[in-house]
Amino acid sequence: MFTACPVAGTTVSRAAGHTRLMKSPGSRQLLSSSPEMMWVAGEQGRMLRVNAAFEQQLGWRVDALAGRTFTSIVHPDDLEATSRELDGLASGAAACAFENRCRSADGLHHVVGWTVVRDPA
């Protein structure tokens, strides 16, 4: 399982640093109250939890993203690099940071910088 949120200096987000979500009620509170886009994915890369900031910033409803792979909203030209970063987590890396273009619900792409952290649990 891993968690992602945007990092500072992106065109879509203004998050400062990175955040790690643990499996706890506090993490769910953080996910639901954060103004920054955050998601939790399972081993297969499917988004298990997505916060409402995706709707505010990219126009995606939470229920439209739940169960989809994160790469399903990544620009085709960024898929290889994004997959390489996420594969590193699956191979045991603790964290990674990268930028990619994510597709909004209206079909436009926006640059987002992400920090992704592996949950060791």
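Which residue in S5 is the bridge partner of arginine 103? In this predicted model, that partner is histidine 109. Before going further, some ground rules: the model is predicted, so local features need pLDDT of at least 70 and side-chain atom pairs count only at pLDDT 80 or more, while totals for chains, interfaces and linings use all residues. Residues are numbered from 1 along each chain as its sequence is written, and side-chain values use heavy atoms, with hydrogens and water left out.

The chain comes to four helices and five strands, where helices (H or I, at least four residues) and strands (E, at least two) are DSSP runs numbered from the N terminus. Read from that end, the order is β-α-β-β-α-α-α-β-β. Of the 121 residues, 41% count as buried; buried means under 20% relative accessible area, exposed over 50%, and partly exposed in between, with a 1.4 Å probe and protein chains only. As for contacts (heavy atoms within 4.5 Å), 45% of those between residues at least 6 apart in sequence join residues at least 24 apart.

Confidence first. pLDDT is the predictor's confidence in each residue, from 0 to 100, and its mean over the chain is 77, with 76% of the residues reaching 70 or more. Helix H3 (residues 62–65) has the highest confidence, at a mean of 93, and strand S1 (residues 2–6) the lowest, at 50. Over residues 7–22 pLDDT stays under 50, and the model has 45 contacts beyond four places in sequence for that stretch.

Back to the hairpin. Strands pair if DSSP finds at least two bridges between them; S4 and S5 (residues 109–118) have nine, and they run antiparallel. Five residues lie between the two strands of this hairpin, and glycine 107 in the turn has a positive phi of about 95°. In a regular strand the side chains alternate between the two faces of the sheet. In S4 (residues 95–103), Cys96, Phe98, Asn100 and Cys102 make up the covered face, and Ala95, Ala97, Glu99, Arg101 and Arg103 the uncovered one. On the covered face, cysteine 96 counts as buried because its relative accessible area is 11%, and cysteine 102 because its value is 0%. As for disulfides (a pair of cysteine sulfur atoms within 2.5 Å), a search of the whole structure finds zero.

At 2% relative accessibility, asparagine 100 counts as buried. Its side chain makes a polar contact of 3.2 Å with the side chain of threonine 82, and another polar contact of 3.2 Å joins it to the side chain of tryptophan 114. Here a polar contact is a pair of N or O atoms within 3.5 Å; within protein, one must be able to donate a hydrogen and the other to accept it, and residues adjacent in sequence count only if both atoms are side-chain atoms. Leaving aside residues up to four places away in sequence, asparagine 100 touches Phe70, Val74, Asp78, Thr82, His110, Val111, Val112 and Trp114. Aspartate 77 is 23 residues from asparagine 100 in sequence and 9.1 Å away in space, C-alpha to C-alpha. Aspartate 77 lies in the loop between H3 and H4 and counts as exposed because its relative accessibility is 62%.

Then there is the core. A nonpolar core is a set of buried Ala, Val, Leu, Ile, Met, Phe, Trp, Tyr and Cys residues joined through side-chain atoms within 4.5 Å. The largest one has 21 residues, and Trp39, Phe54, Phe70 and Trp114 have the most contacts inside it. Two or more residues each come from strand S2 (39–41), strand S3 (47–50), helix H2 (53–58), helix H4 (79–90), S4 and S5. Phenylalanine 54 touches Met37, Met38, Trp39, Gly59, Trp60, Leu65, Ile73 and Trp114, again not counting residues up to four places away in sequence.

Methionine 37 sits in the loop between helix H1 (25–33) and S2, and it counts as buried, at 0% relative accessibility. Its C-alpha atom is separated by 7.4 Å from that of alanine 52, 15 residues apart along the chain. Glutamate 55 is 18 residues from methionine 37 in sequence and 8.8 Å away in space, C-alpha to C-alpha. Glutamate 55 belongs to helix H2 and is partly exposed, with a relative accessible area of 42%. Beyond four places in sequence, glutamate 55 touches Trp60 and Arg61.
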